[in-house]
Amino acid sequence: MNFDELGLSPEVLKAVSDSGYTTATPIQEKAIPYVLMARDVLGVAQTGTGKTASFVLPMIDVLAQGRARARMPRSLILEPTRELAAQVAENFIKYGKYNKLEMALLIGGERFDEQVKALEKGVDVLIATPGRLLDLIERGNILLADTKLLVIDEADRMLDMGFIPDVERIVGYLPKMRQTLFFSATMEKEIRRLADAFLINPKEISAGPPSKTADTVTQHLIKAPDEPKAKRATLRELLDHVEVTSALVFCNRKRDVGVLHRSLERRGYSAGALHGDMAQPARMATLAAFKKGEIKILVCSDVAARGLDIPAVSHVFNFDVPSNAEDYVHRIGRTGRAGRSGISYTLSTRADRKYVAAIEQLIGRNIQAVNAPEPAADAPETNSQPAEKKAEALKQEPKAQDEAQAKGEERKKDTAPKKDTAQQPAQDSKRSGEGRREKSRKGGKREDSQPRPDRHDPFLSNVSSKPFGDDTPAFLLRPVPTPAN
């Protein structure tokens, strides 16, 4: 169905046409008419189906009439992550360029004063993450009494990240009479409970079976070694053997994101990193560089697995198998978007068998197992890594190893214990047993035996009588008793 058949205004249709779209996706075709009718909507759609536009486009028309007041937004969109919130804001700018609507973006990592200034002007659309929104509500900078349209996006992700209590608090500030749009990629029992609590007689729509991977993505499974260095080497060989336009590499832990990113950069790959502990300006700058093609490989955590619309991603690599099977669906959904084809590779170790089995059970199919590429010295270089950088890295590694080995040998020489030649005859005497026989003949005591030296003397000879000057404690000045001969 074409967009001009959905009841959208000429201004919105012109903006959609300028963006190059003419045909609506299934979720857009089903959701847009009901949003325009002011109905509550419960939408279930897998990632990459155009879900964001299904509520952004009709919201622009609904809000076209009316005027916003200071600190009282007319509509509210809740997103689980900063990146998703920023992406929705970009959609409003793109599709609302022929409408005079004010928008504000409230996310963590940004200055409070700038966000408060935007709210003071009055906004029609407020896009926020739950944490920052609650901060401003508690400071008295936002009043939600006039918010008549609420969108809860990626509700299942909200649940996974522990934001549901915050969402329930926010909904408590909203008026009872409102329109609510509730979107989720899955419909678990807890999500259903929230939908029943937030929505009034909703229209349920679905686009594709929940937890189903897109048919446009070709999936591969590769057996990888357990040892981290060898596993990283397997990934590099894979990157060199496939034609990568742009790729996302997912790790389960933020620490591994940094380790893998530095490993790729040292070997000349065009790589960036993205995870939740990064400062917000750095996250946005990295994501923008990846979208522009300045970075070819983006190593990331699951913060990039939900909702980010980067149509040109050609490959997704799961460096770690996700422990949650649902995350696998969202990860590989970053490729094969908007009708394009995509390829995913998952590196699986022996410890990942149960996770792979859970994923295959969820998606209802087996992931095709393929062999890891064999390293070859004469393998042709790909555009993932320039030949001159790779050769330079290979030259530097043996040199660094030789220097480290030489330093290690010097340290061993310096720290090696020196033999005391003066004590050598005594040690030989002990080994021969002559001292013990002589002691036995003389009644248990050798005639030539000498008094045992005080083992404290060498230490005390080097210690000052007042090591702390006039402040020396009294107990340090007492004489040390000498053992009796």
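Glutamate 138 and arginine 169 are joined by a salt bridge, with 2.7 Å between the closest N and O atoms. The two ends come from distant parts of the chain: glutamate 138 sits in helix 6 (residues 130-138) and arginine 169 in helix 8 (residues 164-173), 31 residues apart. A salt bridge here is a side-chain nitrogen of Lys or Arg within 4 Å of a carboxyl oxygen of Asp or Glu.

Before going further, a word on what you're looking at. This is a predicted model, in which local features need pLDDT of at least 70 and side-chain atom pairs count only at pLDDT 80 or more, while totals for chains, interfaces and linings use all residues. Numbering starts from 1 along each chain as its sequence is written, and side-chain values use heavy atoms, with hydrogens and water left out.

**The overall picture**

The protein has 18 helices and 14 strands. Both are DSSP runs numbered from the N terminus: helices are H or I with at least four residues, strands are E with at least two. Of its 485 residues, 46% count as buried; buried means under 20% relative accessible area, exposed means over 50%, and partly exposed is in between (1.4 Å probe, protein chains only). Take the contacts (heavy atoms within 4.5 Å) with a separation of 6 or more: residues 24 or more positions apart account for 76% of them.

Two strands count as paired if DSSP finds at least two bridges between them; strand 5 (residues 149-152) and strand 6 (residues 179-184) run parallel and are joined by four. Leucine 149 stands opposite glutamine 179 of strand 6.

Strand 9 (residues 247-250) pairs with strand 11 (residues 297-300) over four parallel bridges, and leucine 248 has leucine 298 as its bridge partner in strand 11.

Beyond residues up to four places away in sequence, the contacts of valine 316 include Leu248, Phe250, Ile332 and Ile343. Isoleucine 332 is 16 residues from valine 316 in sequence and 5.9 Å from it in space, C-alpha to C-alpha.

**Nonpolar cores**

A nonpolar core is a set of buried Ala, Val, Leu, Ile, Met, Phe, Trp, Tyr and Cys residues joined through side-chain atoms within 4.5 Å. The largest has 34 residues, and Phe55, Leu57, Met59, Ile77, Phe92, Ile127 and Leu181 have the most contacts inside it. Helix 3 (residues 51-62) gives the most to this core, with six residues. Leaving aside neighbours within four places in sequence, phenylalanine 92 is in contact with residues including Val56, Met59, Ile77 and Ile127. Another core, of 32 residues, lies apart from the largest one; among its members are Ala128, Leu133, Ala155 and Val171.

**Back to the salt bridges**

The whole structure holds 19 salt bridges. Here are some of them.

| Salt bridge | N to O distance |
|---|---|
| Glutamate 138 and arginine 169 | 2.7 Å |
| Arginine 193 and glutamate 168 | 3.3 Å |
| Lysine 148 and aspartate 146 | 4.0 Å |

Arginine 193 lies in helix 9 (residues 189-198) and glutamate 168 in helix 8, 25 residues apart. Arginine 193 is partly exposed at 39% relative accessibility, and glutamate 168 is partly exposed at 34%. As for the remaining pair, lysine 148 is partly exposed at 44%, whereas aspartate 146 is buried at 18%.
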